[in-house]
Amino acid sequence: MASLEGGVSSKRKRGKDKERKRKAEKRNKGVQGGREGSKKRRKGMQLDGTTPNADKASNLSSKNNPTDLFEKMKARLSGGRFRWLNEQLYTTTGVQAFAQLTAEPELFQQYHEGFREQTRGWPQQPIDVVARWLNNKKKDLVVADFGCGDAKLSDCVKQKVHSLDLVATKPGVVACNMAATPLASSSIDVAVFCLALMGTDYGKFLEEANRVLRTPGYLWIAEVRSRFGEGFEEQFLENLSKMGFILQSKNMSNKMFAVYILEKKRQLLLPKRRDWPAFKPCIYKRR
């Protein structure tokens, strides 16, 4: 009887040992599986918690976004179009530019959109400089804005402004060649050229300004500094002096453009032919 009981007890003990061993093996497998899973997860994660595949998918999605691609392409085409138009306006006469833009007025809009983009990063805009200058002058002065663009000057000064350009962009703007405006002789007090001396015959624009200016009167000029070659300024100012203008002030503090303010002291007879120094072409950065 004792032997029987001992055998049963031994069997029970072996059964319990097997059960404990089975449970231990199961626990070990679970721990090992967890470690391997953790390793796999760590391998698949970036430092920021994203997976490489997800990051690649995100970049691919960004590159293939039709809106982004269209905007980049549009900006590049717009910049290229602007540079082409800029070259055309600098290398043709006022008569030719007026004829071309009268036939294709959409080119004028494209040019000014490109111009605004190119000058957006300038620390100061010349139109703001002339507006401040005019707002410190008497209200009853009459102003002619040669090459007015979108006629911003007329919106931010207290004086009456005749806005003149090759294309009328809004009501109040007069479309004309800057060398042949419809203004009467001696009818204005200030002639403004804000980055507007474009064309191979720009001297005729200044002669037209002289015609319509009263005596005394003011000639306000802002031009891109990189357009001035060696000896340009001396000959440029000498020609204006021969027309009766005296240099009142010159401001070269802005790295992008120079400002000249001249006063018309007398009306002088002009020779039939006057040689004006050539401006350098105005080159804008590719964007």
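**Burial, charge and cysteines in the predicted model**

Helix α8 spans residues 202-212 and is mostly covered, with 8 of its 11 residues buried. The buried set comprises Tyr 202, Gly 203, Phe 205, Leu 206, Glu 208, Ala 209, Asn 210 and Val 212.

The model is predicted. The protein chain averages a pLDDT of 80, and 68% of the residues score at least 70. Residues 42-52 fall below 50 in pLDDT; beyond near neighbours in sequence, this stretch makes 7 contacts in the model. Residues 54-63 also have a pLDDT below 50. Beyond near neighbours in sequence, residues 54-63 make 2 contacts.

Strand β1 covers residues 142-146 and contains Asp 145. Asp 145 is buried, yet it has no salt bridge. The nearest side chain of opposite charge belongs to Lys 170, at 9.6 Å. A salt bridge requires a nitrogen-oxygen separation within 4 Å. Leaving aside residues up to four places away in sequence, Asp 145 touches Leu 153, Val 161, His 162, Ser 163, Leu 164 and Val 192.

The structure holds 0 disulfides. Cys 148 is in none; the nearest cysteine sulfur, that of Cys 176, lies 8.9 Å away. A disulfide would need the two sulfur atoms within 2.5 Å. Cys 148 counts as buried because its relative accessibility is 8%. Cys 194 also counts as buried, because its relative accessibility is 14%. The cut-off for burial is under 20%.

How values were computed. Residues numbered from 1 in each chain as written. Heavy atoms only, no water. pLDDT = per-residue confidence, 0-100. Contact = heavy atoms within 4.5 Å. Helix = DSSP H or I, 4+ residues; strand = E, 2+ residues; numbered from the N terminus. Buried < 20%, exposed > 50% of the residue type's maximum accessible area, 1.4 Å probe, protein only. Lys, Arg positive; Asp, Glu negative; His and termini not counted.
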